[in-house]
Amino acid sequence: MPLPFQHLTSTKQLTRGDTDAILRVAAEMEGVLKKGGSDLLHGKILASLFYEPSTRTRLSFETAMQRLGGQVVTADGLQFSSLYKGESVEDTIKVVNQYADIIAMRHPEQGSADRAASVSAIPFINAGDGPGQHPTQALLDLYTIEKERGKIDGIHITMVGDLKFGRTVHSLSFLLGLYKDIRFTLVSPAELTMPEKVTSFYKEKKIAYTETENLEDGLDADVVYMTRVQKERFEDAAQYERLKLKYILTAQQLKGRSVTVLHPLPRVGEIALDVDPLPTAAYFRQVRNGVVLRMALLAMLLKKA
Ligand code: CP
């Protein structure tokens with residue numbers, strides 16, 4: 001089941017048909033993973049280029065490729081690549097095209113993924129471009145919502161924390177816009193509200209949303225999506241220190257509620273450890289879903305699923 005595009009740089013490029021197909025293949029990959037893997041991508045090489053820190057995205061892409069019988073070449077850290085010597089993103093991608101069959105790249109600059117895709121002859125996947133987009137995270141979030149809640153249409157989702165710089169909430173908002181009767185509650189400090197590029201999308205699609213600074217206002221939702229305040233995007237360290245732990249979700253606040261708790265991770269204190277044992281705390285299951293979702297994408301973009 002090939003996808004009708006070669007590169008994945010943004011969730012805005014996806015249709016409901018695309019997300020239905022990706023989620024269906026991801027569900028099939030659960031069976032492949034349970035068996036320990038397959039040789040579907042034998043002979044294929046993933047170039048895993050991470051010029052910004054990552055644990056989950058990088059390791060799950062590499063795990064996904066290896067579970068499907070493919071191989072991985074990696075570059076990590078700007079300072080250990082020729083980007084540090086001044087090579088352009090475009091030249092780096094043209095070079096990597098000579099080695100690999102598919103590329104996943106994380107880069108600190110918003111827009112770098114589109115520049116990379118524009119010169120790539122092999123499939124290119126955006127693994128996070130600064131405060132821009134993180135489409136594969138949003139797809140695994142969507143997959144997790146469907147698994148945890150049994151549906152996506154009609155859900156009420158509360159997004160909490162750094163909505164300004166948090167690329168995952170931008171990408172997920174655009175994806176949820178493909179579904180029916182979605183309602184958003186946006187909880188953030190005034191300095192970190194959802195950017196206009198996303199709120200104008202809600203308005204254009206007539207999606208209901210409310211903005212508040214109070215976490216309690218959002219806890220009667222189906223899903224609460226916590227986010228970390230993105231330290232690396234702040235120019236003013238004092239402002240980061242003031243805002244970093246404005247919201248801390250605790251087991252006490254969740255008592256008597258059935259809201260599913262998600263977080264793209266890493267967390268740095270915004271979900272208390274006493275939430276972890278709750279059956280509705282789904283963030284480590286969300287991590288595991290990243291493997292099958294990325295197995296599906298690699299297979300589909302390489303026209304093997
Ligand atoms: N969710 C996510 O992107 O995590 P990493 O930064 O560890 O890849």
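Modeller: Gladly! A salt bridge here is a side-chain nitrogen of Lys or Arg within 4 Å of a carboxyl oxygen of Asp or Glu. Do keep in mind that this is a predicted model.

Colleague: What area do domain 1 and domain 2 bury between them?

Modeller: The assignment gives domain 1 (11-133 + 288-301) and domain 2 (135-286), with C-alpha centres 24 Å apart. Their contact takes 34 residues from domain 1 and 30 residues from domain 2. The count of salt bridges between the two domains is four. Carbon and sulfur atoms hold 56% of the buried area, which comes to about 2600 Å².

Colleague: Why does the largest pocket lie where it does, and between which domains?

Modeller: Its lining has 25 residues, with R106, R167, R228, L265 and P266 nearest the centre. Helix 2 (56-67) and helix 6 (167-176) each give two or more residues to that lining. Both domains contribute to the lining, so the largest pocket lies between domain 1 and domain 2.

Colleague: And how many residues in the lining of the second largest pocket are nonpolar?

Modeller: This pocket has a volume of about 190 Å³, and L49, A75, T92, V96 and Y99 are closest to its centre. Its lining includes four polar residues and one charged residue, while the nonpolar residues number nine.

Key: Residues numbered from 1 in each chain as written. Predicted model: local features only at pLDDT ≥ 70, side-chain atom pairs only at ≥ 80, totals over all residues. Heavy atoms only, no water. 1 Å grid on protein atoms, 1.4 Å probe; cavity = no way out; pocket = protein on both sides within 12 Å on 5 of 7 lines; lining within 4 Å. Helix = DSSP H or I, 4+ residues; strand = E, 2+ residues; numbered from the N terminus. Domains from an automatic or database assignment. Points joined across faces, edges and corners; volume = space filled by probe spheres on them. Nonpolar A, V, L, I, M, F, W, Y, C, P; charged D, E, K, R; others polar. Contact = heavy atoms within 4.5 Å. Buried area = accessible area lost by both parts, 1.4 Å probe.
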